[in-house]
Amino acid sequence: MKHMKQEGIEQATQGSGSFVKMVVAIALTFGIYYVVKPITPPLVNLLGWDAQFVGLSMRSILAVAGVIALGGKSWLLPSPSAWARAWRFYGYLVFLNIIIGVVAFLLTMGTLTPEQINALTPNAVLHNAVYLTVLCILVGINEEALFRGLLFGGFLSAMGKSRRGILCAAIVSSLIFGFFHVMGDLDFSNGLGIAQAMMKTLETGMVGFVLCVPVLEKRNLTGAMQVHAFIDWVVIMASVMTGLPETIGTYVSADATVSIAAIVLHSVLCAIYLPKCIKCVKCLFALDEPQMGPFAS
């Protein structure tokens, strides 16, 4: 009887600790995302660096520090097997994003005037390419540490005891990840904009959901960071042909034509991602129980 009572106390304590870890991880995810905004301008003035670079660097540092502080250091260590699994698992979706990048490049070239083409010097293109490459690497680090590390890991701390809990943690964290991409651009008076935001949230959420599997299988974030950085890079790199974009990450347009085109594109991508997402559900259900994530003590 004493043994059963002690076991019950330990389980209750563990459950309480898991809930606290989840709350702390969620708070860190949102806190890091928002705290960087007000501190970026003073740092830009102090350092004289580009605002996007400063903001992404700060988020990357804080997100990685958050994962380490909660006990997830081992999930950030270099792992060739995790890299191979992430690239292999993402498979044809990497190829799909290469195609999208090529199409974006061709469309961008088609919009340039002869004067703009003549103004493109090798040095300018190289500078822009290097700059955007660095930004994409930082995006891969900070978003994977935030959303697959802190957020997904936090949910797993409290929900990873069962397969349904693992699946729920992956779905919820991925949808939040998708919503973070559009929440700053939402205009509730614009119906097309709302529809565009919803489809972008779903499409990006499906990308995040796919990345949950290699992260959990290999208990490592670095492979997902690489894939994430690459798929952003191949799409964004087309912009080096017209100069640096003012912002990276604006996904909701006020233009009706652009909104409709974006809704169609996101819908097509969701349909393409769907078979992979179904496979992800099967992979998550095939994992051993429990899966308590990077912060399990």
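This is a predicted model: local features need pLDDT of at least 70, side-chain atom pairs count only at pLDDT 80 or more; totals for chains, interfaces and linings use all residues.
Axes are lines fitted to C-alpha atoms, for helices over the stretch in contact, and the angles between them run from 0 to 180 degrees between N-to-C directions.

**View 1. Helices α7 and α10 cross at roughly 140°.** The axes of this pair come within 9 Å. Angles over 145 degrees count as roughly antiparallel, and α7 and α10 are therefore described as oblique to each other. The crossing of α7 past α10 is right-handed. On the α7 side, look for Arg163, Ile166, Leu167 and Ala170, which meet Val281, Leu284 and Phe285 of α10. Sorted by class, this contact has six nonpolar residues, one charged residue and no polar ones.

**View 2. Helices α8 and α9 pack at an angle of about 150°.** Here α8 covers residues 191–218 and α9 covers residues 222–236, and their axes are 10 Å apart. Because angles over 145 degrees count as roughly antiparallel, that is the term for α8 and α9. As you follow the pair, α8 passes α9 in a right-handed crossing. Val207, Leu211 and Val215 are the α8 residues that make the contact, and Ala224, Val227, His228 and Ile231 are their partners from α9. The classes here are six nonpolar, one polar and no charged residues.

**View 3. Serine 174 sits in helix α7, which spans residues 163–180.** Is serine 174 buried or exposed? Its relative accessible area is 1%, and buried means under 20%, so serine 174 is buried. In one, a polar atom of the serine 174 side chain lies 2.6 Å from the backbone oxygen of alanine 170. In the other, the serine 174 side chain reaches the backbone nitrogen of phenylalanine 209 at 3.1 Å. Setting aside residues up to four places away in sequence, serine 174 touches Gly205, Gly208, Phe209 and Cys212.

**View 4. Cysteine 277 belongs to helix α10, residues 256–286.** Its relative accessibility is 9%, and cysteine 277 therefore counts as buried, the limit being under 20%. Which residues does cysteine 277 contact, leaving aside its neighbours within four places in sequence? They are Met206, Phe209 and Val210. Phe209 is also among the residues that serine 174 touches.

View 5. How accessible is arginine 219? With a relative accessible area of 41%, arginine 219 is partly exposed, since that class runs between the 20% limit for buried and the 50% limit for exposed. The second detail is in the segment after α10, where proline 290 lies.

Notes:
Residues are numbered from 1 along each chain as its sequence is written. Side-chain values use heavy atoms; hydrogens and water are left out. Helices (H or I, at least four residues) and strands (E, at least two) are DSSP runs, numbered from the N terminus. Angles under 35 degrees count as roughly parallel, over 145 as roughly antiparallel, 65 to 115 as roughly perpendicular and the rest as oblique. A crossing is left-handed if the near helix is turned anticlockwise from the far one by less than a right angle, and right-handed if clockwise. Contact means heavy atoms within 4.5 Å. Ala, Val, Leu, Ile, Met, Phe, Trp, Tyr, Cys and Pro count as nonpolar, Asp, Glu, Lys and Arg as charged, and the others, Gly among them, as polar. Buried means under 20% relative accessible area, exposed over 50%, partly exposed in between (1.4 Å probe, protein chains only). A polar contact is a pair of N or O atoms within 3.5 Å; within protein, one must be able to donate a hydrogen and the other to accept it, and residues adjacent in sequence count only if both atoms are side-chain atoms.
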